[in-house]
Amino acid sequence: MGETIMNKNDERSPERWIRPGQTDFCPGCGYGTILNYLARALEKTGADPSLTVAVGGIGCAAWIPDQYMQTHTLHTTHGRPIAFATGVKLAKPELNVLVISGDGDLATIGTSHLIHAARRDLDITVFCVNNFVYGMTGGQAGGTTPTGAVTSTSPAGHAEKPLDLISLVLAAGGRVRTEAEGGAEGLNASVESDMLIASGRFAAREIVLTRQPQRVISTCEKALAHQGFSFVELIAPCATHFNRKNRIYSVTDLKAYLNANYISASKATKTPLTDRAGKQLCGLFKSKEEYERLVGGAI
Amino acid sequence: MERISIKRELCKKCGYCASVCPTDVFGPNGELQNPAECRHCGLCALICPERAIVLDENNTEKSIPEAASGPGSGGWNKVQTQKPGRHLLSGNETIALPALDAGCRFYAGYPITPASEIMYGMLGLNNIPNGRFIQMEDEISSLAAVIGAALAGKKAMTATSGPGLSLMQENISFAVMTETPCVIVDVMRAGPSTGQATRPAQGDIMPAIWSGHGDARKIVLAPVDIADCYSLTIEAFNLSEMFRVPVIILIDEIIAHLKEIVDIPERNLVYDRAYDPNERHFGPPSNYGRRAASLPPFGGRELLHVTGSTHDQSGTRAASNPDMEQWTTDSIARKIQEAGAYIHWRAPKIKKNTKHVIIACGSVVRAAEEAVRRLARQGESVALIPIKFLSPFPDLELEKALLHNPEVHVIEMNQGQLIHLVRAVYPAALSLTQNTGTAIEPRRIIDYFLNKEWERRS
């Protein structure tokens, strides 16, 4: 664990990725932690802040890049950060382009851009911070709100089914092409071929409040290093609007809630399906088939 | 000194640290309970949302990377054209040529009738080094990608028609607020809604000038022929880069598909974006010779922070400061005014004894030209003022041209939009409209002047 402590002689530190000062996030919000994780993951990849563009949409999660990251930042319109990032990446392929935004932004209003960026296998990294609700506007239900959850717009419990973002991205994602194939088909092929290197698919889900933060950082690092489209869903329920309405009053309650609803992929392989019914999988998934096998059915 | 300490001014007492600490160093609200128990594992420092936990007294804050000085202030250049000489081209086919000649190196678009041919022309980007073409999933993302590419340093363009322009509204507003140069071509078709997708109209004049929410005018140029399609597209890129604003080129379906001879010059004067190291990135320029602030591209040593929220000159959010909001909208409006002074359009000379003046834009100008010629043969003196700059509107110049109080007739293919711009200058102007999805013919204009009747006859 010694690596978490900054080396006195090292000029570079994760802090250089973050603007100094306290964040404006509510007490109990995991977004500051995500900022912390991302800074460390970026530092580990050896990236240069002046060659990094962090793009966010609208919502609390978009404040992670927009307000606090010490890189080039682009705070865009609601739901469209992936589309803006597409332009940045195509215009300057040498840039390290990452999108950090919320579930309402990337997976409700802007879902089509997520699907199409995954389909194009564009070499960007998308961090979707999932807090289950629209936090900034007062905690309304969205595309990822769990069934039964109490929100401002579903006081009797949310009736709809949430999107499984991992299966969505894996199903949409990545034309798997070898470098030799070059990929000359289609209108866009000649433009994108230099950044479309066979990479497989990359979708991961991690919980922010965990006893293994190193694992989350390592997943983020792998996602950043991945050539091609990579997607990381970070679970951090909204402390102000989701937790209180759903009887999660303390960090202890929150951990119990997360334990009851999520299970790591490695643990899932050792647990019979019946014992983990209704639990979502955490971990790194590189193919639809692998994810389907673990979930125990077609997705 | 303890091995662990908490920066009290940062701590929000969320208790994340306590939930991960294996040795109960922290109390439930994150206070240090048993600091001696700390094993220095670092979990708390990783999980802390505010980075308030310090594990090593030598952890001083590192300075941010310094903005290094770099080259590259832009300005005017004489640039060789790619296909000089005489060509027979349609409006849509033409527009790609001046775009590439002006240095456009990024195009993102979505298919729509009657604008798709512009996209085919822009496929030429694939044969240019550093050129990028992409067909996006919708018009929203097309303009988003264009803005992203523009911020990464490229001149960028998209083209669409009315329904696509509607989808782009939010991002047009974003381009205004973030002072991102980009060019949008709107080929006007008959509406509202899907309307008559292959038929001409001029219904997007006001929607283009006031496009996007939140009170900011755009620069809108309206070619009347194919030669204009060339020269005004060059002008659009120059204005866009100089003033750092989105510029809209409005053509109607007739201009888009009309084939005509166009002479492309050997060279064009092209303006490249200005960038001076360590200047402010937004708001009024500090350098007097410049029309907009310095814009460093993404990927330079100087970090660029772009936000659609109201911001100060460094791009830092100022979303609840009343002075800042006034200052921002003022400086955006001032740029459009200055663009008006810069364009310096001159109205054609009109004889003092001319009783009638037609004012029109787009393809209507062509019909009016023919009508004016034929009316002259019959002894009717009618003059024509074509409007090529819809916004900023050349009101002073128009006022001068109409000083002798002629009867003014504004002819357009909509329910009356240009008339409002003209009436602001000349309240007595008469409005003549046709909204049939077909061209206004010279015959109809001649009939009007001879018989003073504008009723539509089938």
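## Q67(A) and its neighbours

The side chains of Q67(A) and D66(A) are joined by a polar contact of 2.8 Å. This comes from a predicted model. Q67(A) sits in helix 2 of chain A, which covers residues 63–68.

Is Q67(A) buried or exposed? Its relative accessible area is 19%. The cut-off for buried is under 20%, so Q67(A) counts as buried. Which residues does Q67(A) touch, leaving aside those up to four places away in sequence? They are R19(A) and R317(B). One partner is in chain A and the other is in chain B.

## Helix 1 of chain A

Helix 1 of chain A spans residues 31–45, a run of 15 residues. From first C-alpha to last, helix 1 reaches 21 Å. That is close to the 21 Å expected at 1.5 Å a residue.

Why is helix 1 of chain A described as largely enclosed by the rest of the structure? The reason is burial: 13 of its 15 residues are buried, so the rest of the structure largely encloses it. After helix 1 of chain A comes G46(A). The phi of G46(A) is positive, near 75°.

## Y291(A) in helix 12

Y291(A) belongs to helix 12 of chain A, residues 288–295. Its relative accessibility is 1%, so Y291(A) counts as buried.

How far apart are the C-alpha atoms of Y291(A) and A256(A)? They are separated by 25 Å. Along the chain, these two residues are 35 residues apart.

## The domains of chain B

Chain B has three parts in its domain assignment: domain 1 (1–62), domain 2 (75–272) and domain 3 (356–451). Between the C-alpha centres of domain 1 and domain 2 of chain B lie 55 Å.

## Strand 18 of chain B and its partners

Now look at strand 18 of chain B, residues 407–412. This strand is mostly covered, with 5 of its 6 residues buried. Strand 18 pairs with strand 15 of chain B (residues 356–360). The two run parallel and are joined by 4 bridges. Here I358(B) has H409(B) as its bridge partner in strand 18.

Strand 18 of chain B also pairs with strand 19 of chain B, residues 430–433. This pairing is parallel too, over 4 bridges. I411(B) stands opposite L432(B), which is in strand 19 of chain B.

Definitions and conventions:
Residues are numbered from 1 along each chain as its sequence is written. Chains are lettered from A and ligands numbered from 1 in the order in which they are written. This is a predicted model: local features need pLDDT of at least 70, side-chain atom pairs count only at pLDDT 80 or more; totals for chains, interfaces and linings use all residues. Side-chain values use heavy atoms; hydrogens and water are left out. The expected span of a helix is 1.5 Å times one less than its number of residues. Buried means under 20% relative accessible area, exposed over 50%, partly exposed in between (1.4 Å probe, protein chains only). A polar contact is a pair of N or O atoms within 3.5 Å; within protein, one must be able to donate a hydrogen and the other to accept it, and residues adjacent in sequence count only if both atoms are side-chain atoms. Contact means heavy atoms within 4.5 Å. Domain bounds come from an automatic or database domain assignment. Two strands pair if DSSP finds at least two bridges between them.
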